[in-house]
Amino acid sequence: VSVWCCLAELEFRRGRWDSARQSSLAAIEAAVEMGDDAGYAHALAARIEAGRAHSASCEEHIRTAWALSLKRGDRSTQWRVVGAEAFAAASLADWTRVRGLLEPLIERGDGVGVRLASVRLWDGDYLESLVRLDEREAARRRLHLLEDEHAVVPTRWTSGLIGRIAALAAPDPATAIGLATESVATFDSIGAVFDAARSRLVLGELLHATRQADAAVVALRSASLTFGSLGATAWLDRVELVGST
């Protein structure tokens, strides 16, 4: 079960969403057959379905994962369920809901000492919600904590995430564009195609805001191709919203 779950998470990050879905369902099937806990697998499946805006399937996995986590007192699965709900809200750019869901989760994580950013899939969504809601000072403080944590246990995935949020929070356009460009390159270097596309969306927004239309079109078109290939329809809609202006 653990192997299938690890495969699902890795495949999700690498943009192999069909395979990620199959691995999460295989984990659920194996857990049920063995009488093991399928909560984690359902939480992963919920995130995959949220990415594709399959809301009914996402909600079904969330309900099941939550019920199993309560039955077993599994707090880590509860965190992943909340993270999946927040990711669904981020896909729709509902940043108020993202912050409302994740702020208590972040505080609980701080309280129990969850210090490995590479396994917390919700950090980026929470930080982006702060910036999008114009709570930039709070975003910078949280980002500094993440940078300190990253210095102790560095990963390129976390580095790309830090770059994307720093770009959103940067005070001047030139710095922001440079940071977003670095974030794209970092995610590309590890094959994290979905996160690279999210960073390209941010880059496109920044280029558009500074009237660099041709460069913005290149970034947004690339993000659009990735989201389209993944079936990430909600994210594709966000690209098209920027492009339409």
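1. Start with how α4 packs: the buried residues of this helix sit against α2, α3 and α5. Those buried residues are Cys58, His61, Ile62, Ala65 and Ser69. Looking down the axis of α4, they fall within an arc of 105°, so they line one face of the helix. Over on the other side of α4 you'll find Ala56, Arg63, Leu70 and Lys71, which are exposed. Bear in mind throughout that this is a predicted model.

2. The geometry of α4 checks out. The helix covers residues 55-72, and at 1.5 Å a residue its 18 residues should span 26 Å; the end C-alpha atoms are 26 Å apart, which agrees.

3. Asp37 lies in the loop between α2 (17-34) and α3 (39-51). Is Asp37 buried or exposed? With a relative accessible area of 16%, it counts as buried, because the cut-off for buried is under 20%. The Asp37 side chain reaches the backbone nitrogen of Gly39 at 2.9 Å. Leaving aside neighbours within four places in sequence, Asp37 is in contact with Val1, Ala31, Leu68, Arg72 and Asp74.

4. Now for the nonpolar interior. In soluble globular proteins, nonpolar side chains tend to be buried together. Here, the largest nonpolar core has 41 residues, and the members touching the most others are Val98, Leu102, Leu143 and Leu206. At least two residues of this core come from each of α5 (75-91), α6 (95-112), α7 (123-132), α8 (136-152), α9 (156-169), α10 (173-189), α11 (193-209) and α12 (213-230). Which helix gives the most to this core? That would be α9, with eight residues.

5. Setting aside neighbours within four places in sequence, Leu143 is in contact with Leu127, Ile162, Ile165 and Ala166. There is also a second, separate core of 25 residues, and Ala20, Ala46, Phe87 and Ala223 are among them.

6. Finally, confidence. The mean pLDDT of the protein is 89, and 96% of its residues reach 70 or more. Where is confidence lowest, and where is it highest? Helix α13 (residues 233-244) is lowest, at a mean of 85, while α10 is highest, at 97.

Technical notes
Residues are numbered from 1 along each chain as its sequence is written. This is a predicted model: local features need pLDDT of at least 70, side-chain atom pairs count only at pLDDT 80 or more; totals for chains, interfaces and linings use all residues. Side-chain values use heavy atoms; hydrogens and water are left out. A nonpolar core is a set of buried Ala, Val, Leu, Ile, Met, Phe, Trp, Tyr and Cys residues joined through side-chain atoms within 4.5 Å. Buried means under 20% relative accessible area, exposed over 50%, partly exposed in between (1.4 Å probe, protein chains only). Helices (H or I, at least four residues) and strands (E, at least two) are DSSP runs, numbered from the N terminus. Contact means heavy atoms within 4.5 Å. pLDDT is the predictor's confidence in each residue, from 0 to 100. A polar contact is a pair of N or O atoms within 3.5 Å; within protein, one must be able to donate a hydrogen and the other to accept it, and residues adjacent in sequence count only if both atoms are side-chain atoms. The expected span of a helix is 1.5 Å times one less than its number of residues. The arc is that of the directions from the helix axis to the C-beta atoms.
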